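Please keep the sequence and the structure in view while I talk.

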Amino acid sequence: MDHVNYTWSRTFILAGFTTSGTLRPLAFLGTLCIYLLTLAGNLFIIVLVQSDSGLSTPMYFFISVLSFLEIWYVSTTVPTLLQTLLHGHSPIPSAACFTQLYVFHSLGMTECYLLGVMALDRYLAICRPLHYHSLMSRQVQLWLAGATWVAGFSAALVPAGLTASLPYCLKEIAHYFCDLAPLMRLACVGSSWHAQVHGAVIGVATGCNFLLILGLYGNILTAVLKLPSAASRAKAFSTCSSHMTVVALFYASAFTVYVGSPQSRPEGTDKLIALVYALLTPFLNPIIYSLRNKEVKEAVKRVSDKIRTLLRDT
């Protein structure tokens, strides 16, 4: 079909969630509080890792990179969520819509690769302890972190570019941000081929990375079970449990939404699941990595003591 025969709309409408007049202010304030706490929690992790020498290890470097990513990840979608909660149906220019789509998926793919790098870090620390610091030097850490961003922003070009190339006859997006499946439902032409390409690109990238993580943790489990004492086994498991929790949250929701045909899910399902990986997971990550982590608690105490000493001296 000739795409120029279709009327191109320069503005989409974000439908958001349907909330009653009394619930709308509560939903807005609740979402705003979670957003601000997410920003504060992830910023806290970044500042703590930079401020305390006890956390100057590869594991905490990658956690701080993850926190930096989560700040941008949540900030990509929450402003439009707040806009739709406050004002209902909200217009968004097509250029802004496709930019949001690309940035959101770029950050999502980057997180996917970063979680794989973090699993590799734990594998080297537990299974190759004698060579760990030479294998995971500062230069290697920076290279791996940079590679995840380059790979993520490159991989997202395909689904975002294909979606932007579609002709659109409808304007109302059944979501609170511009995402693949809700946008494809508005196309004037059949989008099953596009959905298959999206599923292949995202599925291969996330699937291969997930298999890598499973393989690395399989080796970690084998190595940990061979440790002589229960205390050493418990310590090794504690350094991995937080990361495994984050991986489970991220991949469970991502596979549900992005692997498979969008027509196979009822309309409106995507935006409910999106709250898990786009809002809840970034909010929980600082809690998961700090509350159960003895080293982080000790670092907080050291930094607090340092601040109190500085305040007394002034």
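Let me begin with Cys 33, which counts as partly exposed because its relative accessibility is 46%; please bear in mind throughout that what we are looking at is a predicted model. Cys 112, for its part, is in no disulfide, and the nearest cysteine sulfur, which belongs to Cys 208, is 9.4 Å away. With a relative accessible area of 0%, Cys 112 is buried.

Turning to the bonded cysteines, the structure holds 2 disulfides. One of them joins Cys 97 to Cys 178, with an S to S distance of 1.9 Å, and this link is left-handed, with -120° about the S-S bond. It connects distant parts of the chain, 81 residues apart, since Cys 97 sits in helix H3 (residues 94–127) whereas Cys 178 sits in the loop between strand S3 (172–173) and helix H7 (180–184). Both Cys 97 and Cys 178 are buried.

The other disulfide is formed by Cys 169 and Cys 188, whose sulfur atoms are 1.8 Å apart, and here the torsion about the S-S bond is about 120°, so the disulfide is right-handed. Because Cys 169 lies in the loop between helix H6 (157–164) and S3, and Cys 188 in the loop between H7 and helix H8 (192–225), the pair ties together parts that are 19 residues apart in sequence. Cys 169 is partly exposed at a relative accessible area of 46%, while Cys 188, at 19% relative accessibility, counts as buried, because the cut-off for that label is under 20%.

And how are the bonded cysteines paired in sequence order? Numbered that way, the pairing is 1-3, 2-4.

Conventions: Residues numbered from 1 in each chain as written. Predicted model: local features only at pLDDT ≥ 70, side-chain atom pairs only at ≥ 80, totals over all residues. Heavy atoms only, no water. Disulfide = S-S within 2.5 Å. Helix = DSSP H or I, 4+ residues; strand = E, 2+ residues; numbered from the N terminus. Buried < 20%, exposed > 50% of the residue type's maximum accessible area, 1.4 Å probe, protein only.
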